[in-house]
Amino acid sequence: MRRANAIADVCIVGSGAGGGVMAAELTRAGIGVVLLATPKLGFGIVVPKFYAEIGREFAIPVEIILALAWQESGWQQDVISWAGAVGLMQVLPATAEWVVRDLVGGDPDWWNSAEDNARVGAALLRHLINLAD
């Protein structure tokens, strides 16, 4: 089994107990994960726990965060676009600085940390959703 690197790895698993076994193995390896079951589709997704935590923090379904991260970067933190967008959520540096200053606070390492990058991206998405309401 490929060891999840705890930054962005997502594993799609077949139906049955396989997902639970993989989640248990990753947890024993010290990687916090959750298993998102999709019984109607017949598969589950084992994801780092931070995706679910960020989803709860910003009231965005974790599936939306996962879909956005997949579309933007293929769940890879080390991606930098030709326009300079960085990481999992492909956030432009100037936008990230604004989001950190005005929406998130603290000193997140959004450039290097998938979790922090996802948090910045989710905060921006929540802000845009709120503007649309």
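User: How far does helix α5 reach from its first C-alpha to its last?

Analyst: Keep in mind that this is a predicted model. Helix α5 runs over residues 114–132, so it has 19 residues, and at 1.5 Å a residue the expected span is 27 Å. The computed reach is close to that expected value, at 27 Å.

User: Which element gives the largest share of the largest nonpolar core?

Analyst: That core has 24 residues, and F50, Y51, I54, I65, L88, M89 and V120 have the most contacts inside it. The elements giving two or more residues to this core are α2, α3, α4 and α5. The largest share is five residues, and it comes from α5.

User: Are α2 and α3 roughly parallel, roughly perpendicular or oblique to each other?

Analyst: Their axes are 8 Å apart, and the helices pack at an angle of about 120°. Roughly perpendicular covers 65 to 115 degrees and roughly antiparallel starts over 145, so α2 and α3 count as oblique.

User: And is the crossing of α2 and α3 left-handed or right-handed?

Analyst: Here's where they touch: Y51, A52, I54 and G55 in α2 meet V62, I65, L66 and A69 in α3. As for the handedness of that crossing, it's right-handed.

Notes
Residues numbered from 1 in each chain as written. Predicted model: local features only at pLDDT ≥ 70, side-chain atom pairs only at ≥ 80, totals over all residues. Heavy atoms only, no water. Helix = DSSP H or I, 4+ residues; strand = E, 2+ residues; numbered from the N terminus. Core = buried A, V, L, I, M, F, W, Y, C linked by side-chain atoms within 4.5 Å. Buried < 20%, exposed > 50% of the residue type's maximum accessible area, 1.4 Å probe, protein only. Axes fitted to C-alpha atoms, helices over the stretch in contact; angles between N-to-C directions. Parallel < 35°, antiparallel > 145°, perpendicular 65-115°, else oblique. Left-handed = near helix turned anticlockwise from the far one by under 90°. Contact = heavy atoms within 4.5 Å.
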